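Please examine the sequence and the coordinates shown below before reading on.

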Amino acid sequence: MTSATPAPASGVPVGPGLSMFDPLFIGIDEFGQPVYLDVIYRNILAAGEPGGGKSGLLNNIAGTAALCDNTRLVLFDAKLVELGPWRDIADEFVGLDIDHGLNVLRRLLVVASNRYAWLLAHRRRKLAPTDGLSVIVTIIDELAMFSTVLGTKAQQEEFSTLLRGLVSLGRACGMPVVAATQRPSWDIIPASLRDLFGYRAAFRCTSLNSSNIILGQGWAEQGYTASDISPTNQGAAYLLAEGGVPRRIKAAYLTDADIYNIADYAAWIRRPAGARLDLGLAA
Ligand SMILES: Nc1ncnc2c1ncn2[C@@H]1O[C@H](COP(=O)(O)OP(=O)(O)OP(=O)(O)O)[C@@H](O)[C@H]1O
């Protein structure tokens, strides 16, 4: 039986039960088994040639984060349209503005340092779900735009330095970073930055070298190379988890309509208390 009576906000069945501390579903492996990531304590790097499916993976993560309890989104997307659907629920949405990007990264680093002071004061080494602090997920689509294209050389260098700081600090204090680039080259992803990402997803690449830049030196020679992914197999990638062996995956895919539906729903469940009162749905 269906009912036209709106459910009370406290009874909404989707979203409030999700937590970023739970494993996050991102797709299937080559045996059709579901693949989950522990995003909370590991940063994620996705790279590969244009059209390989990186934004699809980013949107999976943004979609889950959007529905998670006590989770905030900080988004960087110079193209605007890839992560744009989530902008209404994001704490910050950085477009083609390097000054804005630098300002946001500086503030994130202040939050991260405050959280470490809090952890130290509580004799702890990392954030736990019971701490009540929000998880802040930073997602950057097309890293290279901020580190090599927009702004002056000095600003680009500052962006890279601040990002390196956030990627180093974020994982234990509930501030994971998810970054994507279509330019898997040493100037965009030096090994010192790449190695701070506990998960690396290599989408289709044009060469063994590009694939190695993402996954790590030597994997292509052992048969794990994203250059063997067919250009028509979008969403396929080699996923490497820290300390493991690359695993072939196919990312789950959300259509634009799916993304906007989830984003609208997330905006509704995150609406301010005043809006709930206006609708007569206050919990
Ligand atoms: N997991 C998937 N399953 C099926 N099709 C996919 C998947 N991911 C992406 N695609 C298809 O590939 C197209 C390009 O994907 P996407 O925009 O995610 O690539 P990208 O690597 O982010 O590209 P760019 O670097 O240009 O932003 C999508 O529009 C879609 O048609």
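Which residues of helix 2 are buried? They are I98, G101, V104, L105, L108, A112 and R115. A residue is buried if 20 or more other C-beta atoms, placed from the backbone, lie within 10 Å of its own, exposed if 12 or fewer, and partly exposed in between. An α-helix has 3.6 residues a turn, so residues three or four places apart point the same way.

The model is predicted: local features need pLDDT of at least 70, side-chain atom pairs count only at pLDDT 80 or more, and totals for chains, interfaces and linings use all residues. Residues are numbered from 1 along each chain as its sequence is written.

**Confidence**

The pLDDT, the predictor's confidence in each residue from 0 to 100, has a mean of 89 over the chain, and 90% of the residues reach 70 or more. For the complex, the predictor gives an ipTM of 0.94 and a pTM of 0.90. Residues 1-13 stay under 50 in pLDDT, and residues 279-283 also stay under 50. Where pLDDT is low, the predicted coordinates should not be read in detail.

**Overall fold**

The chain contains eight helices and ten strands, taken as DSSP runs (helices H or I, at least four residues; strands E, at least two) and numbered from the N terminus. Its radius of gyration is 19 Å, close to the 19 Å that the globule rule gives for 283 residues, so the chain is as compact as a globular protein of that length. That radius is taken over C-alpha atoms, and the rule is 2.2 Å times the number of residues to the power 0.38. The C-alpha trace spans about 60 × 45 × 40 Å along its principal axes. Of the 283 residues, 42% count as buried. Two residues are in contact if their C-beta atoms, placed from the backbone, lie within 7 Å; among contacts between residues at least 6 apart in sequence, 70% join residues at least 24 apart.

**Helix 2 and its surroundings**

Helix 2 (residues 98-121) has 24 residues and reaches 35 Å from its first C-alpha to its last, close to the 34 Å expected; the expected span is 1.5 Å times one less than the number of residues. The cover over its buried residues includes strand 4 (71-77), strand 5 (92-94), strand 6, helix 3 (143-149) and helix 4 (153-170). Within strand 6 (residues 135-141) lies V135, which is buried because 22 other C-beta atoms lie within 10 Å. Leaving aside residues up to four places away in sequence, V135 touches M20, I40, N70, T71 and G174.

**Positive phi values**

| Residue | Phi | Position |
|---|---|---|
| R123 | near 55° | follows helix 2 |

N70 is partly exposed, with 14 other C-beta atoms within 10 Å. L80 counts as partly exposed as well, with 13 C-beta neighbours inside 10 Å.

**Ligand shell**

Of the 14 residues around the ligand, G53, S55, G56, Q234 and G235 come nearest; a residue is near if its C-beta atom, placed from the backbone, lies within 6 Å. Helix 1 (54-67) and strand 10 (247-251) are the elements that give two or more residues to this shell. Helix 1 gives the most, with three residues. By type, the shell divides into four nonpolar, eight polar and two charged residues. Ala, Val, Leu, Ile, Met, Phe, Trp, Tyr, Cys and Pro count as nonpolar, Asp, Glu, Lys and Arg as charged, and the others, Gly among them, as polar.
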